[in-house]
Amino acid sequence: MSETLENLLSEDRQFPPPADFAANANVTAAAYDEAAADRLAFWAKQAQRLDWFQEWDQVLDWSNPPFAKWFVGGTLNVAYNCLDRHLAAGNGDKVAIHWEGEPGDSRAITYADLHAEVCRAANTLTDLGVTAGDRVAIYLPMIPEAAVAMLACARIGATHSVVFGGFSKDALSGRIKDASAKVVITADGGFRRGNPSALKPTVDEAVAECPTIEKVLVVRRTGQDVDWTEGRDLWWHETVATASDKHEAQPFDAEHPLFILYTSGTTAKPKGILHTTGGYLTQASYTHHAVFDLKPETDVYWCTADIGWVTGHSYIVYGPLSNGATQVMYEGTPDTPHRGRFWEIVQKYGVTILYTAPTAIRTFAKWGDDIPAQFDLSSLRLLGSVGEPINPEAWMWYREHIGGGRTPVVDTWWQTETGAIMISPLPGVTACKPGSAMGPLPGIAADVVNDAGQIVGNGGGGYLVLNEPWPSMLRTIWGDDQRFIDTYWSRFAEHGYYFAGDGAKKDDDGALWLLGRVDDVMLVSGHNISTTEVESALVSHPAVAESAVVGATDPTTGQAVVAFVILKGNASASEAELKDHVAKTLGPICKPRQIQFVSELPKTRSGKIMRRLLKDIAEKRALGDVTTLQDAGVMQLIQQGMSTTS
Ligand code: WT7
């Protein structure tokens, strides 16, 4: 991959932080120097952000790689750090969560409220026989009880496994079985696109296959009818609500398992990514402070992710609450009841920091500039992006139309496995280039290597690696140490690097550009071309809202570029015009063989484009596994479109 990638987008726009932002930033350039001088001392200092019952004896034990231990000998309680200590500091009356239900109901939950509810839930779980080390599955909509359930588990040392509420019965039962969970916490349902959407029936079906489940704790949210299994099922409002709100948080070892979160994996069995306590909370808390520049007294922070993804774990629950943030939590979809819902929420709560995903940003751009323009977004001072490479034009749109052309935009790269942000600008320090995650955070070592594991120079491309252990790193794959070694540590074993599975390049200034999963690289006439870059070139055409590019087998070129394109609302453009635009932007070698206009793209429930399915279409094959698809109807529409034009 190294000598190729010669047709890169050359992005020369740069956006330094506004002077007043830089002057007041939580973290300055000195942090890079400090971490470079002594990485472990740097992380030990960040760990002091937390309250420890017992301080550690050793910052990092890396004597048995790749199995890391951070803050060895230290003990702490995660819920204590997210709640009790804020009460002790006199912030009990401060709002922790401004919760907004999809139908328009809302709740303001203070730190004192949250603490009391978490204590009640911790007492309830204990009454149900859950003890430290037991696993609890959480299958909930975006309601405050989701955060309460996670914190209650953390408080008693139970390891939670949150399963996204949009997942099927098989996904749920597979995850319950893999972790041998004892209890499931769920709800009758949640609101989605204006309607109640049931969860309990899925749990009933899943649990029928899971003998380890002893109890099912059910939150009443929608009031839908539910089937009830006496002796197994319990209502939250009859148990948690009546439990004592006194609960003393116990210390747990820094390496005590905090949670398991499954990553889908395209074909194989999902991997149960295991995160532990001290290192995870240290990095979640520090990165939230550094990257989002959170001022707990004045900021209103909003991360639009679902709690079922790692983004929700680290940047709705553990990062913000450990930092005493006031945040918004929203139950529903961005287009219910109208396409301005997000901006209405920003206006209503005076949101100052917004963290969302490129897929959402491109959708908003497609819906039109006039929608956010109807709302007062002047409270916003910082925008963040996560989940996929953000195309430079989407970045510009976000800054312009949401950030009023004033706000820094931080593109944050990380993974379920990394637990917290790894590569990102610091908003008060870095001059950002639209579409680049710029560089590793202080205390993090990341680089780009070629096939042989050699670090490439500026202008080179290859594989993203993490060259040093980091506090919030996954500790293993639950129950499968060998798979942990094989998946992440064997590709560059000689060098001891963690292989992230992403392609990346360094530009001439050494800034990092993430190019998507390595499987998403095309080989056209011997040239490696990243799908991300062709997609960005297409999106830079004024008529294009979104695109997905795949490499399809081609008799002459090996692979050929095939693009699927969604045009903006009223825009029009011909196939030939877009092909020429790509050739002009990136070079003729990247010119798509074919462009298909579509109205939707197949995406996972977390918003990632499923290029694998588009490749099946481009190569005229039967579709592979579609179970992680958000909307199954999309593929049919695309197939119909293909058959009428090709
Ligand atoms: C994969 C991890 C990190 C929380 C949400 C996703 C892609 C993530 C970026 C970014 C380019 C990104 C990578 C990564 N990714 N953020 N800022 N720029 N790519 O967590 O589901 O574990 O996915 O998402 O391909 O490996 P995840």
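**Exercise 1. Classify Arg193 as buried or exposed, and describe its backbone.**

Step 1. Arg193 counts as exposed because it has 11 C-beta neighbours inside 10 Å. The cut-offs are these: a residue is buried if 20 or more other C-beta atoms, placed from the backbone, lie within 10 Å of its own, exposed if 12 or fewer, and partly exposed in between.

Step 2. Arg193 sits in the loop between strand 9 (189–192) and strand 10 (195–198). Helices (H or I, at least four residues) and strands (E, at least two) are DSSP runs, numbered from the N terminus.

Step 3. The phi of Arg193 is positive, about 50°, although Arg193 is not a glycine.

The model is predicted: local features need pLDDT of at least 70, side-chain atom pairs count only at pLDDT 80 or more, and totals for chains, interfaces and linings use all residues. Residues are numbered from 1 along each chain as its sequence is written.

**Exercise 2. Determine how the axes of helix 3 and helix 10 cross, and which residues meet.**

Step 1. Helix 3 covers residues 39–47 and helix 10 covers residues 278–291; their axes come within 9 Å and cross at roughly 85°. Axes are lines fitted to C-alpha atoms, for helices over the stretch in contact, and angles run from 0 to 180 degrees between N-to-C directions.

Step 2. Helix 3 and helix 10 are therefore roughly perpendicular to each other. Angles under 35 degrees count as roughly parallel, over 145 as roughly antiparallel, 65 to 115 as roughly perpendicular and the rest as oblique.

Step 3. From helix 3, Trp43, Gln46 and Ala47 meet Gly278, Thr282 and Tyr286 of helix 10. Contact requires the C-beta atoms of two residues, placed from the backbone, to lie within 7 Å.

Step 4. The residues of this contact of helix 3 with helix 10 are three nonpolar, three polar and no charged. Here Ala, Val, Leu, Ile, Met, Phe, Trp, Tyr, Cys and Pro count as nonpolar, Asp, Glu, Lys and Arg as charged, and the others, Gly among them, as polar.

**Exercise 3. Compare the span of helix 10 with the expected value, and state how many of its residues are buried.**

Step 1. Helix 10 has 14 residues and extends 20 Å from its first C-alpha to its last, close to the 20 Å expected at 1.5 Å a residue. The expected span is 1.5 Å times one less than the number of residues.

Step 2. Helix 10 is largely enclosed by the rest of the structure, because 14 of its 14 residues are buried.

Step 3. Asp293, with a positive phi near 55°, follows helix 10.

**Exercise 4. Work through the span and the packing of helix 5.**

Step 1. The 17 residues of helix 5 (residues 111–127) should span 24 Å, and the end C-alpha atoms are 24 Å apart, which agrees.

Step 2. Of its 17 residues, 12 are buried, so helix 5 is mostly covered.

Step 3. Among the buried residues of helix 5 are Leu114, His115, Glu117 and Arg120.

Step 4. The buried residues of helix 5 pack against several elements, including helix 4 (78–88), strand 4 (95–100) and helix 6 (144–156).

Step 5. Gly129 follows helix 5 and has a positive phi, near 95°.

**Exercise 5. Describe the setting of Ile176: where does it lie, and with which residues is it in contact?**

Step 1. Ile176 belongs to helix 7 (residues 169–179).

Step 2. Ile176 is buried, with 25 other C-beta atoms within 10 Å.

Step 3. Neighbours within four places in sequence aside, Ile176 is in contact with Ala137, Ala181, Val184, Ala206, Cys210 and Ile213.

**Exercise 6. Locate the cis peptide bonds from Pro65 to Pro66 and from Thr336 to Pro337.**

Step 1. The bond from Pro65 to Pro66 has omega near 5°, and Pro66 is in the loop between strand 1 (58–64) and strand 2 (67–72).

Step 2. The bond from Thr336 to Pro337 has omega near -5°, and Pro337 is in the loop between strand 17 (326–330) and helix 12 (341–349).
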